[in-house]
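I opened this notebook to keep track of what I looked up, entry by entry. I begin with the ligand and then turn to the sheet and the helices.

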Amino acid sequence: MLQYLLIKRFSGLLRWYRSRLTIDMQHLSRYIPKEGRMLDVGCGVGSVDYEFARSRPDLHIHGIDIAAKSIELANRYNRLPNTRYTCQPLESVAGRYDCVLFMDVFHHVAPANRDSLLQAASRLLNPQGYVLIKDIERRRGGASWMLDRYVSRCSADEIFLENCSDLADLVAKHLTVLASEVRFRMPFPHYYIKATAKTLSKE
Ligand SMILES: C[S@@+](CC[C@H](N)C(=O)[O-])C[C@H]1O[C@@H](n2cnc3c(N)ncnc32)[C@H](O)[C@@H]1O
């Protein structure tokens, strides 16, 4: 992966590229808690977590990923006192979190595996906690597809871009959807889905 090569010499530049050019950091930040505990599922090399952790010292971020190399690099280059990164599947995480974040992860998760991820995320929420999914809308999402296909070298059958409304329908099977929206910011149409555990809404 290109970022594995770049991070060793240009970790600051990679953080800037990821958090300023490829996501809408300003808008995304409105969904991220100011304090408490956040689990970032599929944190990659931790470039964005570093930025969140730097600007929110009272937010403790636990980043997990199934790619061991990404976690090794996250620990080496994107560590702060309020971050920790571990290589493990979501199903093995214990504890409770105020936010469980999936950032640009769901379009790498095969449809057959999505229900179990959402159920596992739901079990980890504090009473007031929420799941936040940020991803790329399939409609007009061609630039993201091209990056995944030709820069990250994913094969075509490993990229599963969805429309926000379709993913929100799936999320609603397991959680209570509080908000869903699509916002285009060059070069990608980003969508955001915020949802709480179903039991919370029944109380
Ligand atoms: C496009 S990268 C996004 C990385 C990071 N969230 C970011 O926004 O910079 C997708 C990441 O999701 C990870 N991933 C995919 N499926 C996963 C799963 N089931 N559990 C944890 N991580 C997963 C991949 O290893 C990869 O690091």
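Entry one, the ligand. I looked up its surroundings and found 20 residues around the ligand, the closest being Gly42, Gly44, Ala67, Met103 and Val105; a residue is near a molecule if its C-beta atom, placed from the backbone, lies within 6 Å of it. The elements that give two or more residues to this shell are α3 and β2, where helices (H or I, at least four residues) and strands (E, at least two) are DSSP runs numbered from the N terminus. By class, I noted 12 nonpolar, five polar and three charged residues in the shell, with Ala, Val, Leu, Ile, Met, Phe, Trp, Tyr, Cys and Pro taken as nonpolar, Asp, Glu, Lys and Arg as charged, and the others, Gly among them, as polar.

A note on the source. This is a predicted model, in which local features need pLDDT of at least 70 and side-chain atom pairs count only at pLDDT 80 or more, while totals for chains, interfaces and linings use all residues. Residues are numbered from 1 along each chain as its sequence is written.

Entry two, the sheet. I traced an open sheet of seven strands in the order β3-β2-β1-β4-β5-β7-β6, with mixed pairing; two strands pair if DSSP finds at least two bridges between them. Its edge strands are β3 (83-87) and β6, each of which pairs on one side only.

I found β1 (residues 36-41) running parallel to β2 (residues 59-65) over six bridges, with Gly36 opposite Leu59. β1 also pairs in the parallel sense with β4 (residues 97-103) over four bridges, and there the partner of Val41 is Phe102.

Strands β6 (residues 175-185) and β7 (residues 188-197) run antiparallel, joined by 10 bridges, and they form a hairpin with two residues between them. I also noted that β5 (residues 125-136) is joined to β7 by six bridges, again antiparallel, with Lys134 opposite Tyr192.

I looked at α1 (residues 2-21) and α3, which pack at an angle of about 85° with their axes 8 Å apart; axes are lines fitted to C-alpha atoms, for helices over the stretch in contact, and angles run from 0 to 180 degrees between N-to-C directions. That angle makes α1 roughly perpendicular to α3, a term that covers 65 to 115 degrees.

Definitions and conventions: Angles under 35 degrees count as roughly parallel, over 145 as roughly antiparallel, 65 to 115 as roughly perpendicular and the rest as oblique.
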